[in-house]
Amino acid sequence: MPTRAGNLREKSPWLLIDIMAELVKAMPEARLQMVGDGPGLKGLMEVAEAKGIGRNVVFRGYIGNSLLPPLYSGSWAALIPMQLDKIDPFWDGSLKESLACGTPAIGFGEGVKGYAESRQRLGYLILPDPAAGARALAG
């Protein structure tokens with residue numbers, strides 16, 4: 001699952017690390033590829049190591065736009081670490097990139113109750129909670 005951690009002020013890549021820490025309990029081989037760089041990258045890497053999921057999270061750093069389509073196309077989903085009311089192609093650039101590659105997008109949605117409500121036309125919404133998010137991804 002790729003995610004772009006470009007702007008840490010607007011996105012919540014820290015929550016993805018917490019979700020992965022829970023997810024690997026049920027799916028030890030799960031992998032998260034984080035794309036992007038910036039001042040928070042070193043801290044994210046340290047937290048992943050401290051939580052024991054350093055081998056499950058691949059920090060790709062900056063990747064040029066021309067190299068993103070194969071990354072999205074080769075993933076079963078793209079995690080968009082933002083609060084979204086719905087999966088809508090008018091939102092975040094990485095959401096648009098994912099959908100353009102035929103890869104469903106997953107974002108955070110408050111008040112999501114179960115699979116039927118979480119399933120959107122273009123992807124899924126999961127609760128912004130580590131345990132609940134991991135359960136949704138594993139299920």
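**Exercise 1.** Determine in which helix Ser98 is found, and whether Ser98 is buried or exposed.

*Solution.* Step 1: Ser98 belongs to helix α4, residues 93-100; helices are DSSP runs of H or I with at least four residues, strands are runs of E with at least two, and both are numbered from the N terminus. Step 2: the relative accessible area of Ser98 is 0%. Step 3: buried means under 20%, exposed over 50%, and partly exposed in between, with a 1.4 Å probe and protein chains only. Ser98 is therefore buried.

The model is predicted: local features need pLDDT of at least 70, side-chain atom pairs count only at pLDDT 80 or more, and totals for chains, interfaces and linings use all residues. Residues are numbered from 1 along each chain as its sequence is written, and side-chain values use heavy atoms, without hydrogens and water.

**Exercise 2.** Compare the position and exposure of Pro69 with those of Ser98.

*Solution.* Step 1: Pro69 lies in helix α3 (residues 68-73). Step 2: its relative accessible area is 36%, so Pro69 is partly exposed. Step 3: Pro69 and Ser98 are 29 residues apart in sequence, and their C-alpha atoms are 7.9 Å apart.

**Exercise 3.** State which residues Ser98 contacts, leaving aside neighbours within four places in sequence.

*Solution.* With contact defined as heavy atoms within 4.5 Å, the partners are Tyr72, Ala78, Thr103, Pro104 and Ala105.

**Exercise 4.** Describe the order and pairing of the three-stranded open sheet.

*Solution.* Step 1: the order is β4-β5-β6, with parallel pairing; two strands pair if DSSP finds at least two bridges between them. Step 2: β4 (78-83) and β6 (123-126) are the edge strands, each pairing on one side only. Step 3: β5 (residues 105-108) pairs with β6 over four bridges. Gly107 has Leu125 in β6 as its bridge partner.
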